[in-house]
Amino acid sequence: MAPAEARASYYGAPGPPLSLPQTLSGTVAVPLAERPAEAADTLAALYPALAACWQPPEGAGDAGVEVTARFSLRRDGSLIAAPRIVFTAGVSGEGRRRLARATLAALRACTPARITPDLGRAIAGRPIALRLVQRRRAP
């Protein structure tokens, strides 16, 4: 078997090896009731582990807000550099600044994330876009 034929591909057709997308994206409804107990071993488990420390900023009350942070992690689950807030909705002015500060503080508190070595190897250095959504509570 030639080396090109030995590689995995999509839908069984010859092609490039399978890989994760460039940017890993996840959405989490926050705040979470409790922090995940197990080390994350999948992307689906990683996003709640990163969002577990988020709490609504002071003055947000029951307002519906959304925020997206972009960052990268090392193999051990620690932040490579300071995360950046790339999107906010549901607040403006000082509320937006409080939301950004609360989100950045939550990411610092939840990292290094508890992840398995295999997941750490898969995500190391890849950009992550974590979208946190707090829905407006019904009266």
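Modeller: Of the 139 residues of the protein, 35% count as buried, where buried means under 20% relative accessible area, exposed over 50% and partly exposed in between (1.4 Å probe, protein chains only). This is a predicted model, in which local features need pLDDT of at least 70 and side-chain atom pairs count only at pLDDT 80 or more, while totals for chains, interfaces and linings use all residues. Residues are numbered from 1 along each chain as its sequence is written, and side-chain values use heavy atoms, leaving out hydrogens and water.

Biologist: How many disulfides does the structure hold?

Modeller: The structure holds one disulfide, meaning a pair of cysteine sulfur atoms within 2.5 Å. It joins cysteine 53 to cysteine 110, with an S to S distance of 2.1 Å.

Biologist: Where in the chain are the two cysteines?

Modeller: Cysteine 53 is in the loop between α2 (43-51) and β2 (65-72), and cysteine 110 is in helix α3 (residues 94-110), 57 residues apart. Helices (H or I, at least four residues) and strands (E, at least two) are DSSP runs, numbered from the N terminus.

Biologist: Is cysteine 110 buried or exposed?

Modeller: Cysteine 110 is buried, at a relative accessible area of 1%, whereas cysteine 53, at 22%, counts as partly exposed.

Biologist: New topic: what does phenylalanine 71 contact?

Modeller: Leaving aside neighbours within four places in sequence, phenylalanine 71 is in contact with residues including Leu50, Leu107 and Ile128. Contact means heavy atoms within 4.5 Å.

Biologist: And how many helices and strands are there?

Modeller: The protein has four helices and four strands, in the pattern α-β-α-β-β-α-α-β along the sequence.
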